[in-house]
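Thanks for coming. Have a look at the model first.

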Amino acid sequence: MGIMLILIAIIFFALGILSKRKPTWGWRANEAWKIKGDSEPSDAYIDDMKFRGSVSILFGFFFLACGLLIIFL
């Protein structure tokens, strides 16, 4: 069970770091198809993705701590 939580933590860390470093990475697949013509993501979208990345990293720390507690206790 502890190993599974650590793997989930790694996934959350990876997604969080990706969202913080490249917030426009998935924009074309998720949002661009809804808009006619050429457009770029708004500043609000970029800020939201960076915030979501921070939250994802926090969840990663939580799952990592839980996994280590289960393994060592």
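Buried in α1 are G2, L5, I6, A9, G16 and S19. Buried means under 20% relative accessible area, exposed over 50%, partly exposed in between, with a 1.4 Å probe and protein chains only.

A word on the source. This is a predicted model, where local features need pLDDT of at least 70, side-chain atom pairs count only at pLDDT 80 or more, and totals for chains, interfaces and linings use all residues. Residues are numbered from 1 along each chain as its sequence is written, and side-chain values use heavy atoms, leaving out hydrogens and water.

What do the buried residues of α1 pack against? They pack against α3, residues 43-72. Contact here means heavy atoms within 4.5 Å. The two helices, α1 and α3, pack at about 160°, with axes 7 Å apart. That makes α1 roughly antiparallel to α3; the cut-offs are under 35 degrees for roughly parallel, over 145 for roughly antiparallel, 65 to 115 for roughly perpendicular, and oblique for the rest.

Now one residue. L5 is in α1. L5 counts as buried because its relative accessibility is 13%. Leaving aside residues up to four places away in sequence, L5 touches F63, C66, G67 and I70. R52 is another matter: its C-alpha and that of L5 are separated by 20 Å.

Methods
Helices (H or I, at least four residues) and strands (E, at least two) are DSSP runs, numbered from the N terminus. Axes are lines fitted to C-alpha atoms, for helices over the stretch in contact, and angles run from 0 to 180 degrees between N-to-C directions.
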